[in-house]
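Thanks for coming. I will go through one structure today, starting with its strands and ending with its open spaces. Please have the viewer ready.

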Amino acid sequence: MKFVEFKKSLQEIIEPIYLFYGEDRYLIETCIKNLKLSSEIEYPDFNIVSYGEDANFEDVLTACETLPLMDKMRIVIVKDIDFNEDKRKKLIEYAKKPNKSVTLAITIKGETKPIDSVTFVDCNKLDATMIRRKVLTDLKDKGFLISDEALKTLILYCDYNLTQIYSELDKLIAFADENKVITEEMIRTLSVRDCTYNIFELTEALGNKRSEDALKILDYLIDEEDHIALIGLLYGHYRRLLMVTLSPPDLDNATIADQLQIKPYAVKIARQQCRLFGKQKLYILCDKLHNIDLNIKSTFTNTKNELYSFVFSALN
């Protein structure tokens, strides 16, 4: 089940077991909030129990066997657990005969295989259209406006992550003037750019041979990001560009996005950036990043020097 389907599904039935997964924390927390509201529990102190990531899973399942007190149902919530094979086996056994008066809600790090009688809810990032609709509605309720271009920039800066988008919006609302309008200039001045967006900007600068801008962005990334992780992100980005370039030209963005498990808008951006380099250059840059990745794992290579070496290769 997708995030956008979850709230409506609660009007029909509240399942005994939910497993929420995905990279957007805001979506997961929204699902938990909607579950609590839909349950109409009058005595939450007695009938809503929460566990953290270090919880003993046996204790969790024992809590699921406890009947609700002065309410029709009880919710047991377990957040961010390491869903290893042992916990998976125990959940499979519980799911065969769950307590019908209790809903178990589990949020996990990463993903896992489907389990019979467990409802999985996908809380991965929404697409730009859904994000736009939600943000515009929420801002309107607060009496604020944002232009289409400003919102598009904010979505890109935050890499489609609603958790980050709303964090930035809180800051932007505080700085908005009496007109209550959030402008693109405010976003460019005040908002923190996600590492993914900075890599996009770096790629634009390299493709257009803007060496001064490229080095400025690289210096920022070197100061702010883990170097080994940064190399991995760069390799992933340029490998994506290469794969988009190698895709048949008659394939539409949605088809390629589905094959690469990315957003259609990301394919549109990738196609634009591919033209700045060409197929042969992308082969060379991917190979360069792959070799850098191998070198830093097998030798005491200076990662900073390797990053500068990559940028100079891209500029030549």
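Predicted model: local features only at pLDDT ≥ 70, side-chain atom pairs only at ≥ 80, totals over all residues.

First, a term: helices (H or I, at least four residues) and strands (E, at least two) are DSSP runs, numbered from the N terminus. With that, Ser-50 is found in strand β2. Residues are numbered from 1 along each chain as its sequence is written, and side-chain values use heavy atoms, with hydrogens and water left out.

Back to Ser-50. Buried means under 20% relative accessible area, exposed over 50%, and partly exposed in between, with a 1.4 Å probe and protein chains only. Ser-50 has a relative accessible area of 51%, so it is exposed. From Ser-50 to Thr-129 there are 79 residues in sequence and 33 Å in space, C-alpha to C-alpha.

Now the pairing of the strands. Two strands pair if DSSP finds at least two bridges between them. Strand β2, residues 48-51, pairs with strand β3, residues 74-81, in the parallel sense, over four bridges. Between β2 and β3 the chain passes through helix α4, residues 57-64, and this β-α-β crossover is right-handed. Right-handed here means that, with the strands pointing away from the viewer, the path from the first strand over the helix to the second runs clockwise. Within this pairing, Tyr-51 has Val-78 of β3 as its bridge partner.

Next, strand β1, residues 17-21. Five of its five residues are buried, so β1 is largely enclosed by the rest of the structure. Ile-17, Leu-19 and Tyr-21 point one way from β1, Tyr-18 and Phe-20 point the other way, and all are buried. Which strands does β1 pair with? One is β4, residues 102-108, which runs parallel to β1 and is joined to it by four bridges. Leu-19 stands opposite Ile-106 in β4. Another is β5, residues 119-122, also in the parallel sense and over four bridges. There, Tyr-18 stands opposite Thr-119 in β5.

Two backbone angles deserve a look. Most residues other than glycine have a negative phi, and most peptide bonds are trans. Tyr-160 is not a glycine, yet has a positive phi of about 65°. Tyr-160 sits in the loop between α7 (148-157) and α8. Is Tyr-160 buried or exposed? With a relative accessible area of 7%, Tyr-160 is buried. Lys-209, not a glycine either, has a positive phi of about 60°. Lys-209 is in the loop between α10 and α11 (211-224), and at 45% relative accessibility it counts as partly exposed.

While we are at α10, residues 195-207, this helix holds Asn-198. At 7% relative accessibility, Asn-198 counts as buried. Contact means heavy atoms within 4.5 Å. Neighbours within four places in sequence aside, Asn-198 is in contact with Arg-193, Ile-217, Tyr-220 and Leu-221.

Last, the spaces. The search uses a 1 Å grid over the protein atoms alone: a cavity is a set of points where a 1.4 Å probe fits but cannot get out, a pocket is an open set with protein on both sides within 12 Å along at least five of seven lines, and lining residues have an atom within 4 Å of a point. Grid points are joined across faces, edges and corners, and a volume is the space filled by probe spheres set on the points.

The largest pocket has a volume of about 1100 Å³. It is lined by 35 residues, and the closest to its centre are Lys-125, Gln-261, Ile-262, Lys-263 and Ala-266. Helix α14 gives the largest share of this lining, six residues. For classes, Ala, Val, Leu, Ile, Met, Phe, Trp, Tyr, Cys and Pro count as nonpolar, Asp, Glu, Lys and Arg as charged, and the others, Gly among them, as polar. The lining of the largest pocket then has 19 nonpolar, six polar and 10 charged residues.

The second largest pocket holds about 470 Å³. Of its 15 lining residues, the closest to its centre are Phe-3, Lys-7, Thr-30, Asn-34 and Lys-134. Its lining divides into five nonpolar, three polar and seven charged residues.
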